[in-house]
Amino acid sequence: MYTKKRVVAMLLAGGQGSRLYALTKNVAKPAVPYGGKYRLIDFPLSNCTNSGIDTVGVLTQYQPLVLNEYIGNGQPWDLDKMNGGVHVLPPYETQAGASWYEGTANAIYQNMRFIERYDPEYVVVLGGDHIYKMDYSKMVDFHVENNADCTISVIDVPKAEASRFGIMICDEQKQVTDFVEKPKVPKSTLASMGIYVFTWEKLRKYLIENEEEANAKRDKGEPWSKDFGKDIITSMLRDKQRLFAYEFEGYWKDVGTLDSLWEANMDLLSPSVPLDLYDPNWKIYSRNNNYPPQYVGDNADIENSMISEGSTIDGTVDFSILFSGVTIEAGATVNYSIIMPGTVIRSGAVVEYAIVGSDSVIEPRAKVGSSPENIENRDDWGIAVVGNNVTVSAEKVVEPKQIIGENI
Amino acid sequence: MSVNYNVLGLVFASMHDSYVSELTKQRTMGSIPFGGRYRLIDFPLSNFVHSGVSEVGVITKSNYGSLLDHLGSGRDWDLARKKGGMHLLPPYSQTGGIYKGRLDALNNIWGFVEHSNAKYVIMSSCDVVTTINFNPVLKQHMEEEADITLVYSRDYYNFDKNKCTTVLEFDAEKRLKDVLVEPQISGECNIWLEMCIITKDFLKKIVSDAASRNQHSFTREILQGKKDEYKIMGYKHDGFFTRIDSIQDYYNANRLLLDPEKKNALFRKDMPVLTKIGDNGPVKYGLESKIKDSLIADGCIIEGTVINSILFRGVKVGKDTVVKDCVLLQSTKVGSNCSISSVITDKNVEISNEKVLTGSETYPLYIGKGGKI
């Protein structure tokens, strides 16, 4: 017995995040740690709870173990519900055979039965790789007010960056007239945030059509795809459906690359960045490890940093984000870096402008990364990355831009 | 650890509230904050859970609002269970009024104990902070076929400093020889950790016996009165422990955790202390922050200097402020340009800019809940 839900959210969490390289070797991108004690997926899940959306399907595919374990029964986000709650939806086998999710639209198509159990009016489609706080209920209200078939959340981006995004062209009423994926010459600066509200009846129709069309193309050997931006939105525009752009004002960051992941973390240390993790009315929830409070020792020197529970700090930490259970020994230095859970930086090691993955060890006097000031040619400079469960032996050097996935 | 349905845990959440009357004005012993993010009841509950005990009764007495708020359904300790789980046992005395001692309390909640299928009962108070696995204690209790096994530790005892301590003496066979409450001595002693294992059938007998004789005190009537008659044994616990029996002691006990060895003995990786989850952000250190030798819980925002102190969740320390030798409870706000040393602030205390507050290490200054300075 399922009771009706006005809104159901579907969270696309199957992405590999291949541009995060060593950090997503064994974990799906939405499970990548962020901000000292969170994982990327905490943001959309917490937003759902805070927006009053209590039914969420999480579509997983790539390396689901850590992500499944992390989501569990959804209790940390208040999503352990008798009716509704969070449900992990992996690809499955049917009498017709088994198939992976063949694109974002196909992933939802394959889980239409999950959605229909709740007989929703609206379906919110979310990604698992953005950092932002957003009240989805306001976006749903906007969708309803405009009698829209689909509403796409957009953010105004600088003109120079517009060609990196899917760009929406709108009229004065914010009705979308055109959509161009990564245009060379952008006609607008409204970038899609990958957050959609659909009237379920309409989405259902277009998912089925797209599926049939794409399969027919495939049978004929033609190129085909089953994606939201490329196929569903384009088809709806072609058919003159009512598509609206919902303009979001606030902090929003895509963390698809190592550089943007590093930047998004550093943003938390900047007083001018409007992302408040301490607002009691819009908490970002995460699964807790029951670590004791952090211990700061006699030799510690900490400035402008964020540090999480269970850490032991006896070295120098400046402009850095340290996750739970991290150890910084006396005489170790960490500047402008992100140190993920359980990692140990031993005495005399220097970590600068780097991301060090979970449960890794940087042995004494090893050097990871470097300040851009020390590099003659700025093109040679970039973030140094050490993956998860990696040991960097004593006195070894990880150069800027280098990505280490195995012990050295 | 898998679940052991043979054992029932009982926590006395309101024993000795009067020792720390400042802190128990609006709460009970079990809900006194400790160690940056915990409440005293977290320690016995976590000890039970990590020892496989998943059926636990929490015996309350008075002022238990904050305790109920902390415990909720018991979910954060994995004790929201269909089989067993945590049960709150509010005060109800058949003799009228609030119960008078452990035996009276047990008599009044006997229906709950009787209903359990467990063969053994572990009793624990909240005023001793330690991390202990009860399985070796239980093993010894069963092997010795004891009626009661008392858990004790060796420690230095000083009559002038330590209040209400029960000192035990055992013979060569570890059998209880003498029980002294607050003896006028000093030196290394066996100190009872207010924990014991009792075979349930035996407990039933002593509780009903005591009720019919109108006796209330477990220590006096059973441990002292019946030590020769019953087989009462001792189990020595070697881990770190501390007892909280005064506000000065509370201050010292918190600051003991600044010794990494003691901290690691209490917060063992294999037996993490479980508590209510607060969903606070990480600690944020400002541009000119300076921190030495301190224990800092999540949600704190520190712009100034913190030395030798314990900061609970959500404490704010303003610019150019120095916090030294302090214990600042949850959501204390210290403004800028302040200097505070040897101060305990209770929850939600606010200290405005440019204040100087100085206590002494032997007599810390205590500021009550919600105080504004």
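Guide: Two strands pair if DSSP finds at least two bridges between them. In chain B, β8(B) and strand β12 (residues 232–236) meet that with five bridges, in the parallel sense. The model is a predicted one, where local features need pLDDT of at least 70, side-chain atom pairs count only at pLDDT 80 or more, and totals for chains, interfaces and linings use all residues. Residues are numbered from 1 along each chain as its sequence is written, chains are lettered from A and ligands numbered from 1 in the order written, and side-chain values use heavy atoms, without hydrogens and water.

Visitor: What makes β8(B) and strand β11 of chain B a pair?

Guide: Here 11 bridges join β8(B) to β11(B) (residues 186–199), and the two run antiparallel. One example is Tyr157(B), whose bridge partner in β11(B) is Gly187(B). Towards β12(B), Thr149(B) has Met233(B) as its bridge partner. Strands are DSSP runs of E with at least two residues, and helices are runs of H or I with at least four.

Visitor: Why is β8(B) called mostly covered?

Guide: Buried means under 20% relative accessible area, exposed over 50%, and partly exposed in between (1.4 Å probe, protein chains only). In β8(B), residues 148–158, eight of the 11 residues are buried.

Visitor: How many residues of helix α8 of chain B are buried, and what do they pack against?

Guide: Seven of the 10 residues in α8(B), residues 247–256, are buried. They are Ile247(B), Asp249(B), Tyr250(B), Tyr251(B), Ala253(B), Asn254(B) and Arg255(B). These buried residues pack against several strands of chain B, including β2 (33–34), β13 (241–243) and β28 (365–367).

Visitor: Why is Gln184(B) called exposed?

Guide: Gln184(B) has a relative accessible area of 68%, so it passes the limit of over 50% for exposed. Its place is in the loop between β10 (176–181) and β11 of chain B. From Gly9(B), Gln184(B) is 175 residues apart in sequence and 33 Å apart in space, C-alpha to C-alpha.

Visitor: Why are α6(A) and α7(A) called roughly perpendicular?

Guide: The axes of α6(A) (residues 200–219) and α7(A) (residues 228–238) come within 10 Å and cross at roughly 115°. Angles under 35 degrees count as roughly parallel, over 145 as roughly antiparallel, 65 to 115 as roughly perpendicular and the rest as oblique, and the two helices are therefore roughly perpendicular to each other. Their contact (heavy atoms within 4.5 Å) includes Leu203(A) and Tyr206(A) of α6(A), and Phe228(A) and Ile232(A) of α7(A).

Visitor: What makes β33 of chain A and β26 of chain B edge strands?

Guide: An open sheet of 11 strands, with mixed pairing, runs in the order β33(A)-β30(A)-β27(A)-β24(A)-β21(A)-β18(A)-β14(B)-β17(B)-β20(B)-β23(B)-β26(B). β33(A) (403–404) and β26(B) (350–351) each have a single partner strand, so one side of each is left without a neighbour in the sheet. For β33(A), two bridges join it to β30(A) (residues 384–386), and the two run parallel. In that pair, Val385(A) has Ile403(A) as its bridge partner.

Visitor: Which strands stand at the edges of the open sheet of five strands in chain B?

Guide: That sheet has the order β15-β18-β21-β24-β27, with parallel pairing. Its edge strands are β15 (290–292) and β27 (356–358), each pairing on one side only. Between β24(B) (residues 339–341) and β27(B) there are three bridges, and these strands run parallel. Within β27(B), the bridge partner of Ser339(B) is Val356(B).

How values were computed:
Axes fitted to C-alpha atoms, helices over the stretch in contact; angles between N-to-C directions.
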